[in-house]
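Hello,

Here is the structure for you to look at. My notes follow below it.

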Amino acid sequence: MTRRPALRPAAGRSPGAHRFAALRADLPASLVVFLVALPLCVGVAVASGVPAELGLLTGIVGGLLTGLLPGSSLQVSGPAAGLTVLVFAAVQEHGLATLGVITAAAGLLQLAMGALRLGRLFRAISVSVVQGMLAGIGLVLISGQLYALADAKAPGSGLGKLAGLPGLLADSAASPRALTAAAVGIGTVAVLVLWPRLPARARIVPGPLAAVAAATAVTALLDLSVGKVQVAGLAGVVDLPGGADLAALGEGAVLGTVLAFALIASAESLFSAAAVDRLHDGPRTHYDRELIAQGVGNTVCGVLGALPMTAVIVRSAANVQAGARTKASRVLHGLWLLLFAAFFPAVLSVIPLAALAGVLVHAGAKLVPARALVPLWREHRGEALILVVTAVAVVVTNLFEGVLLGLLLSVLKSAWDTSHLQVDVDERADGTVRVTLAGNATFLRLPRLLDALEKLPTGRTVQLDLTGLRHLDHASRSALETWEERHSRTGEAVVVRVPAGV
């Protein structure tokens with residue numbers, strides 16, 4: 001993909017002319033991002049089990065507020081498909097009123113992490129864990145939206161969604177309404193799949209908007225009986241948290257959800273920033289400032305009772321590819337969302353739910369790295385295993401526990417890879433046995449070390465050479481000392497340490 005050059009003032013050009021040139025690039029880019037964001041904001045909200053307007057509200061805050069703050073100049077924030085599973089579970093377990101408190105608390109936690117300069121630490125997370133997390137989210141998102149595709153209610157858990165698919169298929173086959181909705185949803189997916197293959201002139205309209213518009217037009221023209229989006233206007237959905245809602249923060253389950261929101265939203269935002277930086281040659285992202293910007297946005301979203309936000313790679317990439325040069329494009333996209341929600345909310349009520357489900361099924365499929373898995377397995381089987389285990393754990397348990405398991409496996413794999421220990425045994429002509437250890441002697445390699453020592457011949461002098469060790473942890477040191485003491489005491493061998501340089 002061609003990198004977009006940064007817009008710099010030409011020699012002899014006035015600052016006003018430079019700003020005007022930037023605005024000429026940012027204005028059309030903001031319209032493109034608005035058209036991409038509109039169906040996604042609504043679709044993510046519906047999939048999360050909340051009113052559609054809350055998705056628009058989060059997009060507005062992401063543009064008008066977070067878009068103004070320093071950090072990353074070109075990435076765009078709003079409600080993300082990656083948090084849909086977690087938000088849906090939180091709403092089902094704690095209620096919609098508590099969602100705002102959880103989101104605001106997560107935002108404050110992000111502010112603290114940014115102030116403590118922890119933003120760069122997220123760059124150290126294994127790519128396999130991130131891909132596994134996104135793959136798990138994609139699988140749960142797809143399985144859940146297949147129910148919406150047939151105008152049916154989805155089970156709560158990831159396993160329940162998968163287990164219920166055969167029953168959904170059987171029920172849908174006997175229901176004309178379900179078959180109609182499925183046809184609308186499948187048609188939406190087909191448009192999204194075929195859209196990138198159309199000529200460039202036809203692709204001026206973003207794929208998600210074209211797919212939803214086509215599905216809406218077909219539904220209206222044929223007067224199809226399918227579920228539609230329910231709207232009430234922004235004023236009717238803003239819900240400021242009260243004292244009873246704040247008291248929920250004393251519950252352990254709520255605090256765990258706050259931590260999950262903060263960590264996963266931060267990781268997704270900062271990984272998106274790294275990806276967006278590779279798409280352009282403008283200013284690089286300041287990770288700590290970007291984390292603070294996300295924290296401010298989520299705190300405000302929580303106070304308003306909206307959905308949590310992250311930086312979203314789909315909207316951000318569209319912003320760069322549309323020619324954006326400054327943060328003005330993302331701020332303007334928030335303004336267009338606000339104007340649409342304020343003056344044209346009734347337009348949403350004609351959109352079929354199945355069409356939005358189709359958009360999210362397509363988005364979920366793009367989160368699953370199916371093509372990359374086979375090459376990864378051939379080259380790095382350990383990383384491929386971490387990816388698969390993380391994805392399965394997200395589906396079987398939940399997003400937070402799945403990611404924690406992936407991180408644990410990643411740490412164990414790194415510890416195993418870095419604890420390489422070479423044990424060489426040389427039986428010399430004078431009857432001595434020289435044992436040379438090189439590398440890193442850690443508890444992970446202790447069984448191999450002890451096995452090699454126990455196989456040494458008895459009644460011989462053993463020269464133990466540790467000069468090649470780069471690291472000797474406490475467990476290995478204690479095991480060596482115990483082995484030396486036992487063999488010297490029983491007379492099975494005389495152990496001599498080889499001094500450095502010999």
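α8 passes α9 in a right-handed crossing (the near helix is turned clockwise from the far one; helices are DSSP runs of H or I, at least four residues, numbered from the N terminus). This is a predicted model, where local features need pLDDT of at least 70, side-chain atom pairs count only at pLDDT 80 or more, and totals for chains, interfaces and linings use all residues. Residues are numbered from 1 along each chain as its sequence is written, and side-chain values use heavy atoms, without hydrogens and water.

**Helix pair.** Helix α8 covers residues 176–194 and helix α9 residues 207–222. They pack at about 145°, axes 9 Å apart (lines fitted to C-alpha atoms over the stretch in contact; angles run from 0 to 180 degrees between N-to-C directions). Val184, Thr188, Val191 and Leu192 of α8 meet α9 residues including Ala211 and Ala215 (heavy atoms within 4.5 Å).

**Second largest pocket.** A pocket is an open set of points on a 1 Å grid over the protein atoms alone, with protein on both sides within 12 Å along at least five of seven lines; lining residues have an atom within 4 Å of a point. The second largest pocket is lined by 41 residues. Ala47, Phe88, Ala89, Gln92 and Lys161 lie nearest its centre. α3 (84–94) gives the most to this lining, 8 residues. By class, the lining has 23 nonpolar, 13 polar and 5 charged residues.

Best wishes

Conventions:
Helices (H or I, at least four residues) and strands (E, at least two) are DSSP runs, numbered from the N terminus. On a 1 Å grid over the protein atoms alone, a cavity is a set of points where a 1.4 Å probe fits but cannot get out, and a pocket is an open set with protein on both sides within 12 Å along at least five of seven lines; lining residues have an atom within 4 Å of a point. Ala, Val, Leu, Ile, Met, Phe, Trp, Tyr, Cys and Pro count as nonpolar, Asp, Glu, Lys and Arg as charged, and the others, Gly among them, as polar.
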